[in-house]
Amino acid sequence: MKIGYIGLGRMGKNMVLRLLEQGQEVVAWNRSSGPIQEVVVAGATGAESIEDLVSKLEAPRTIWLMLTAGEAIDEVINKLLPLLEPGDLIIEGANSFYKDTLRRYEKVKTTLVHFMDIGVSGGPGGARAGACLMIGGSEEDFKRIKEVCRAVAAPDAYQHLGPVGAGHFAKMVHNGIEYGMMESIGEGLAILKHSPFEYNFIKLLDIYMHRSVVESRLVGWAWEAFKEDPELANISSSIGSGGSGKRVPGEADWTLDVAKEIGVNTPAIEDAVRVRENSGNDPEDSPEGFRNKVISAMRGQFGQHDVKKS
């Protein structure tokens, strides 16, 4: 099928490139023109505007939004709805709070345009090599986009999880789990760093990755970070972009808010969030500073975040 794609940032551009390699036809638009030209070279059809993108798709259209969570999504949906017809489908692929997704769905469905949400995990590298997709929407709409999901996902890395909102709810919880796992890895390596033994973390993490109980992609990304910088000397101990210590709004905060609403105690995720919030106050040469560096280094590996010292 031919799909429209709006948003060619680090995730979106890589997903479009993968779709093209898998034989899907893509019409792409982005606010800045550079990424459009990159995907056009790879075989996409470029659009000069949202109106142009819609005109280049035949009804019933499918348009995937891969935008920054928040107002940008609402702005694009507001521009799209007058241009679309009943039966067209909007897919919201951003890292959105599920309540925002449900609010958008209530608005969109009054126009008889269909709506789905897809939580995407794996970072920019996963988007290029095959992402993990958590899908919400009707069974009918899932069947309609199943081949597109199969094309953009890693093998067996997509599931239809329920009605609209289910995908982003699952991704929200995934982000909370991610925080807790990264915190545990950082704490464990800080203990090893300050133990009576001098561990080579490249060797240690390598063995952790071979059939140990804690084997994981996160441990693998920590290993990659130590291969590049064995002492993490160039990594900021403030867990956030460019050593600012500021986290991306949302992420685990949403998980904690919802957990409180439904009465689930989440001490591990709460502590992980607290550590990130306070990471700018931890001395770089302290055990806590090293723990923070490990977490920053993993963020740099899978999310391509700026984690170098300012």
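**Close-up views of a predicted model**

**View 1. The loop that holds P60.** P60 lies in the loop between α3 (50-55) and β4 (62-65), where helices (H or I, at least four residues) and strands (E, at least two) are DSSP runs numbered from the N terminus. The peptide bond that leads from A59 to P60 is cis, its omega being near -5°. The model is predicted, and local features need pLDDT of at least 70, whereas side-chain atom pairs count only at pLDDT 80 or more. Residues are numbered from 1 along each chain as its sequence is written, and side-chain values use heavy atoms, with hydrogens and water left out.

View 2. The twelve residues of α1 (residues 10-21) should span 16 Å at 1.5 Å a residue, the expected span being 1.5 Å times one less than the number of residues; the end C-alpha atoms are 17 Å apart, which agrees. Nine of the twelve residues are buried (under 20% relative accessible area, with exposed over 50% and partly exposed in between; 1.4 Å probe, protein chains only), among them M11, N14, R18 and L20. Just after α1, G23 takes a positive phi of about 90°.

**View 3. Two loop residues with positive phi.** L112, in the loop between α5 (98-109) and β6 (114-121), has a positive phi of about 70° although it is not a glycine, and L112 counts as exposed because its relative accessibility is 56%. R211, in the loop between α9 (201-208) and α10 (217-228), is likewise not a glycine and has a positive phi of about 70°; R211 is exposed, with a relative accessible area of 78%.
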